[in-house]
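Subject: Structure for you to look at

Dear colleague,

I am passing on the structure we spoke about, and I would be glad if you kept it open beside you while reading. My notes come after it.

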Amino acid sequence: MNKRRLKKALKRIKYLPKNKYLLLYLINKFRALWLKLIKSTKVAYPSTIMLELTNHCNLACTTCPREYEYGKRMDKGFIDLDQAKKIIDELWPYLDSVGLTGMGETFLFKEIKEIVDYIKSKNKGIIISVSTNAVIPKFIEKVSGLINKIDTIQVSIDGLGDVYESIRKNADFKLLDQNLTQLSELSKGSETTLMLNMVVTKENYKHIPLLVEYADKIKVEYLDFTLLNLASLTNEERSYYNFYKSNEFLDTLSELENKIVKHKSVTVTNRNFKTDNSFQKCPFPWTHFYICWDGFMPPCCAKPFPRELNFGNVFKSSVMKVLNSSDYKKFRKLWFKNKAPEFCTNCHFIDIEPIKV
């Protein structure tokens, strides 16, 4: 467990729900363990959710599902604040964390401070994380009031300089660098942790070790690498994954390890790509449940397109009724059989081979 996770865990323990809510919290934890033990397709109240505030974005990134067939067909909008509060009202006694992140740019949601404050008013120990591109107009002005309230701000970067701009279309690296430098200074000594995230592609993989140096330079402690997920990128063949076993890529991973040794102030939290491919490797039938801005619950954050597949709408029902709907339970039954549905074709949890350095 790295320092960031330990810090979050200790904060959660410090601010566990009080009185009857603590009893409800503990009973739910035991129920979750029991359902797992008996291999039930039902789930207890979730300990973590992903709440999509919007799927609008100011960029058009080549790594983003929004820019491909499924994404271009999806409806776009902003979550209704009262509906968002209704979801929190239903779940808060059981929640350990909430990700206010989706297909869009989180800080385009004008009422983000209000929803953050609402979650914290329920329980200060609920860990809140957001993901951002950090290059929307007046970003520093929008984020400054949320330092010490948001626990983790993850910034998508996908390379440096021209490589960054070639992938994150409509972005400006100089602006990103300026905003990250200011954000790092703002969050210094605060309860807010910063993390950089890079989606690794054929175009940017050589920048993997360079990002360690860059994170050290701007004093961002955490860095995360994610392999490109082809589940929604409809113009790419599964053979794309073969690149991650090439000598060029493996040599870069080795160089990354050398950089980590030299830059001890940077913690790389995700770089283990040795995982076996299997539907049962996917955690999303059981956790990090994704709620779209319009209330629909698709299977996961990698392909959150209700028109392709959803299990119901929490605005018309409740979160728990949707989570334990017959369709959701059938989906989990496939997980127990380790039989991936067609919806999951080309997902890197299933179709990528283990990468061993």
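This is a predicted model: local features need pLDDT of at least 70, side-chain atom pairs count only at pLDDT 80 or more; totals for chains, interfaces and linings use all residues.

The largest cavity has a volume of about 120 Å³, and of its 15 lining residues the closest to the centre are C282, F284, C300, C344 and C347; the lining is made up of 14 nonpolar residues and one charged residue, with no polar ones. The second largest cavity, at about 60 Å³, is lined by R4, K7, K8, K11, I127, D151, T152, E191 and T193, a set that divides into one nonpolar, two polar and six charged residues. Helix α1 (residues 3-14) supplies four residues, the largest share of that lining.

Two residues from the lining of the second largest cavity, K11 and D151, bring me to the salt bridges, of which the structure holds 16. K11 pairs with D151, their closest N and O atoms being 2.6 Å apart, and the pair links distant parts of the chain, since K11 lies in helix α1 and D151 in the loop between α6 (139-144) and β5 (152-156), 140 residues apart. K11 has a relative accessible area of 14% and is therefore buried, and D151, at 4%, counts as buried too. Together with K120, these two residues are linked in a network of salt bridges.

Two further pairs may be worth a look in the viewer. E69 and R73 form a salt bridge with a closest N to O distance of 2.9 Å, and both lie in helix α3 (residues 69-73), four residues apart, or about one turn of the helix; E69 is partly exposed at 42%, as is R73 at 35%. The side chains of E114 and K85 meet at 3.0 Å, N to O, joining helix α5 (residues 112-122) to helix α4 (residues 81-91). Within this pair E114 is partly exposed, at 38% relative accessible area, whereas K85, at 17%, counts as buried.

With best wishes

Definitions and conventions
Residues are numbered from 1 along each chain as its sequence is written. Side-chain values use heavy atoms; hydrogens and water are left out. On a 1 Å grid over the protein atoms alone, a cavity is a set of points where a 1.4 Å probe fits but cannot get out, and a pocket is an open set with protein on both sides within 12 Å along at least five of seven lines; lining residues have an atom within 4 Å of a point. Grid points are joined across faces, edges and corners, and a volume is the space filled by probe spheres set on the points. Ala, Val, Leu, Ile, Met, Phe, Trp, Tyr, Cys and Pro count as nonpolar, Asp, Glu, Lys and Arg as charged, and the others, Gly among them, as polar. Helices (H or I, at least four residues) and strands (E, at least two) are DSSP runs, numbered from the N terminus. A salt bridge is a side-chain nitrogen of Lys or Arg within 4 Å of a carboxyl oxygen of Asp or Glu. Buried means under 20% relative accessible area, exposed over 50%, partly exposed in between (1.4 Å probe, protein chains only).
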